[in-house]
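Subject: Structure handover and findings

Dear colleague,

Please find below the structure that I am handing over to you.

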Amino acid sequence: MNQALDALLDLLDLEQIEEDIFRGVSRSALVPRVFGGQVAAQALVAAGRTVPDNSSPSSRLRSSRGGPNAHSLHAYFLRPGDPGAPIVYTVDRIRDGRSFTTRRVVAVQHGQPIFHLSASFQTYEEGLEHQAVMPHAPDPETLPTAAETLPLHLPGHVAERLIEARAAVDLRYADVPPWGTVGQPREPRSQVWFRTNGKLADDAPGSLLHVCLATYVSDMTLLDSVLLAHGRGGWAVGDVVGASLDHAMWFHRPFRADEWLLYDQESPSASGGRGLGQARIWTQDGRLAVTVIQEGVVRVPR
């Protein structure tokens, strides 16, 4: 297994310090705060660990025993996280129903809440079935890797740090990323293919492991489409400053995070120093797996 992926799985393997209380650590990021996708993924891990038949504290989330699976999450980023301090996740067991289980998680650092998440889990059942049509996208195997693309558009030290920060994920842009077309406004749409940079243990698609890994990746590029509309390169080049405000995901169908997933993103609006991104995640064979919506602060430095 890729060493960076192994480190990411360790990052998601929270320490249980009391019933319904967990502790996580952080990894360094491009900015001096905790990466939002990490906090969201860890909070979902904490919630999932308290769901009956869905907790596996010693297996690093690699086994699923057929319990309820996450079907949605809604979260708010309240304060910047300190990467040098542990994060404590407290879970409230809001409801344990026959079909649906609801959890609320608060992440705390230095005595203050930094993140709030509500998550719902559902036991599988048959039902009505339809979905949108998957958009066209190039074959991911024909696209350059991040290690090949980033040095073409970013200063060496910035490219190296970004490659290192994303080393656990094979993430490939279908088109030139925002920092490659600075000063050239484009249609506010962006596509990336992603999968973990290595195969995972034979875990069930849709299990807590795959859902948490997709949650982690979902915060990496979602606001790119906001930047494209204004010809901005983003945090990597310093022509905007920003942070995630809220994040919502709906998990429609099982998927594996170690198989190619298309992240099709667009921005319908930006105003008031905020930008909205919405996206769908598709499996390579055309199944709609996840819907994602996020709003973030996007400000032009003065």
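Two strands are taken to pair if DSSP finds at least two bridges between them. Helices (H or I, at least four residues) and strands (E, at least two) are DSSP runs, numbered from the N terminus. On those terms, strand 5 and strand 6 run antiparallel and are joined by 10 bridges.

As to provenance, this is a predicted model, in which local features need pLDDT of at least 70 and side-chain atom pairs count only at pLDDT 80 or more, while totals for chains, interfaces and linings use all residues. Residues are numbered from 1 along each chain as its sequence is written, and side-chain values use heavy atoms, with hydrogens and water left out.

Confidence

The predictor's confidence in each residue, pLDDT, runs from 0 to 100. Its mean for the protein is 91, and 93% of the residues reach 70 or more. Confidence is highest in strand 11, at 98, and lowest in helix 4 (residues 156-165), at a mean of 87. Over residues 55-60 pLDDT stays under 50, and the model has 13 contacts (heavy atoms within 4.5 Å) beyond four places in sequence for this stretch.

An open sheet of 12 strands is present, with antiparallel pairing and the order 1-2-4-5-6-3-9-12-11-10-8-7. Strand 1 (15-18) and strand 7 (169-173) are the edge strands, each pairing on one side only. On average, neighbouring strands of this sheet are turned by 25 degrees against each other, direction ignored. Here axes are lines fitted to C-alpha atoms, for helices over the stretch in contact, and angles run from 0 to 180 degrees between N-to-C directions.

At the edge formed by strand 1, strand 1 pairs with strand 2 in the antiparallel sense over 3 bridges, and Gln16 stands opposite Phe22 in strand 2. The hairpin of these two strands has 2 residues between them, and Asp20 takes a positive phi near 70 degrees.

Strand 6 pairs with strand 5, as stated above, and with strand 3, in the latter case over 8 antiparallel bridges. Within strand 6, Phe121 stands opposite Thr101, and Phe115 is the bridge partner of Phe77. Strand 5 and strand 6 also form a hairpin with 2 residues between them, where His110 in the turn has a positive phi of about 50 degrees. Helix 2 (residues 36-49) lies across strand 2 (21-24), strand 3 (69-77), strand 4 (87-96), strand 5 (100-109) and strand 6 (112-122), and runs at about 55 degrees to strand 6.

Strand 10 (residues 261-271) and strand 11 (residues 274-283) pair in the antiparallel sense over 9 bridges. Glu266 has Gln278 in strand 11 as its bridge partner. Pro268, found in strand 10, touches Leu276 and Gln278, not counting residues up to four places away in sequence. The C-alpha atoms of Pro268 and Arg189 are separated by 9.3 Å, although these residues are 79 apart along the chain.

Pockets and cavities

The search used a 1 Å grid over the protein atoms alone: a cavity is a set of points where a 1.4 Å probe fits but cannot get out, a pocket is an open set with protein on both sides within 12 Å along at least five of seven lines, and lining residues have an atom within 4 Å of a point. Grid points are joined across faces, edges and corners, and a volume is the space filled by probe spheres set on the points.

The second largest pocket holds about 760 Å³ of space. It is lined by 25 residues, and those closest to its centre are Gln122, Tyr124, Phe251, His252 and Arg253. Strand 3 and strand 9 (241-251) are the elements that give two or more residues to this lining, and strand 3 has the largest share, with 3 residues. By class the lining has 12 nonpolar (Ala, Val, Leu, Ile, Met, Phe, Trp, Tyr, Cys and Pro), 4 charged (Asp, Glu, Lys and Arg) and 9 polar residues (the others, Gly among them).

There are 3 cavities of 30 Å³ or more. The largest cavity has a volume of about 70 Å³, and helix 3 (146-153) and strand 7 each supply at least two residues of its lining. The second largest cavity holds about 40 Å³, and strand 8 (residues 189-196) gives the most to its lining, with 3 residues.

Yours sincerely
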